[in-house]
Amino acid sequence: MPMPRLNFYDSLNLLSRFTFRRAWNAGKVLSSYYISRWRKTPVQWGYPVSISFEPTTSCNLRCPECPSGLRQFSRATGMLKKDFFRQTIDEIHKELLYLIFYFQGEPYLNPDFLEMVKYATDKKIYTATSTNAHYLNDANAKKTVESGLDRLIISIDGTTQETYRQYRVGGQLDKVLQGAANIVKWKKALKSRKPFVIFQFLVVKHNEHQIEEVKALAKQTGVDDVWFKTAQVYDYENDPNNLIPSIDRFSRYRKDEHGKYRLKNRMDNHCWKLWHANVITWDGMVVPCCFDKDAMHRLGNLQMQSFREIWNNDNYKQFRRDLMSSRKNIDICANCSEGTKVWGE
């Protein structure tokens with residue numbers, strides 16, 4: 001799959017967040033991952049380079065392949081509390097390079113979201129979020145730029161309202177475009193190069209004909225880049241919502257000799273995410289990665305233990321052992337797209 005295009009300023013901005021301690025930690029994490037692959041048994045040195053923190057599970061849209069949009073969570077819904085967030089960041093910020101304010105839900109629904117971004121920015125952590133852009137009114141756009149957010153991913157899965165609403169059920173494309181325009185306006189007004197603004201286009205069957213159109217729309221709006229993402233389909237063998245695109249390079253799945261869809265990527269018994277990253281839910285549950293949307297694999301609870309205790313506890317060690325012995329038997333790995341995201345051309 002094509003790699004993302006590198007933007008000089010965005011790359012330089014990320015590199016500027018490295019301290020000696022963060023670089024040393026990243027080196028330990030990377031080396032322990034490759035030693036684990038070589039030995040075929042988990043070795044874990046260092047702490048996460050990247051963490052996803054969930055601002056909320058609430059969302060204003062009803063996307064057909066999203067547990068938040070479908071209101072199908074088995075776990076509780078709620079909002080991340082800023083005091084709990086600060087406490088956790090205070091513990092891990094010296095090693096942490098990259099903080100993603102997203103897991104499930106729409107981040108801007110949390111009233112303290114941008115205040116938390118500012119707190120992480122002040123700790124010299126590179127910050128990113130993903131939004132459907134319906135709450136990027138003029139005031140929020142100004143606050144977003146002022147917060148120091150480094151990367152803003154805006155989901156835009158169609159260039160016309162008719163196409164856009166087929167996946168972003170309940171959404172309004174004009175609000176998305178106005179929100180993006182508001183950000184671009186305030187970046188210019190405040191003379192800021194941040195955030196790096198990306199249109200993310202989830203390629204599905206009903207919008208694949210608009211790939212070139214979204215590139216033109218991004219240029220017209222003034223955003224910095226367009227990324228194309230492959231869609232995760234839960235029941236991919238049957239594809240009940242008819243989402244799997246016909247363009248092979250934008251699909252995670254391929255038909256076999258029996259006409260059934262199968263994952264393209266191999267289920268090798270290793271995964272880089274388990275060494276360098278993880279996810280923290282709004283209520284403090286630590287889970288392996290973003291594919292555990294219902295937080296079924298709870299490796300620890302930050303309301304009861306410190307992050308450092310959880311990262312090296314027996315639950316984490318056992319999960320890494322299971323992954324390296326039989327990854328295909330772990331439910332959240334069965335429909336995993338690790339390494340199958342398609343970025344800009």
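This is a predicted model: local features need pLDDT of at least 70, side-chain atom pairs count only at pLDDT 80 or more; totals for chains, interfaces and linings use all residues.

Biologist: Where is H270 found, and what joins its side chain to that of Y33?

Modeller: Helices (H or I, at least four residues) and strands (E, at least two) are DSSP runs, numbered from the N terminus. H270 sits in the loop between β8 (261–263) and α10 (273–276). A polar contact is a pair of N or O atoms within 3.5 Å; within protein, one must be able to donate a hydrogen and the other to accept it, and residues adjacent in sequence count only if both atoms are side-chain atoms. The side chains of H270 and Y33 form one at 3.1 Å.

Biologist: How many salt bridges does a search of the whole structure find?

Modeller: A salt bridge needs a side-chain nitrogen of Lys or Arg within 4 Å of a carboxyl oxygen of Asp or Glu. The search gives 18. One of them pairs the side chains of R17 and D150, at 2.7 Å from N to O. R17 is in the loop between α1 (8–15) and α2 (20–39) and D150 in the loop between α6 and β4 (151–155), so the pair ties together parts 133 residues apart in sequence.

Biologist: At what angle do the axes of α5 and α6 cross?

Modeller: Axes are lines fitted to C-alpha atoms, for helices over the stretch in contact, and angles run from 0 to 180 degrees between N-to-C directions. Helix α5 (residues 113–122) and helix α6 (residues 138–147) cross at roughly 15°, their axes coming within 9 Å. That makes α5 roughly parallel to α6 (angles under 35 degrees count as such). L114, V117, K118 and T121 of α5 make the contact with N140, K143, T144, E146 and S147 of α6.

Biologist: And which residues of α4 meet α5?

Modeller: In α4 they are K82, F85, R86, I89 and D90, which meet E115, M116, Y119 and A120 in α5.

Notes:
Residues are numbered from 1 along each chain as its sequence is written. Side-chain values use heavy atoms; hydrogens and water are left out. Angles under 35 degrees count as roughly parallel, over 145 as roughly antiparallel, 65 to 115 as roughly perpendicular and the rest as oblique. Contact means heavy atoms within 4.5 Å.
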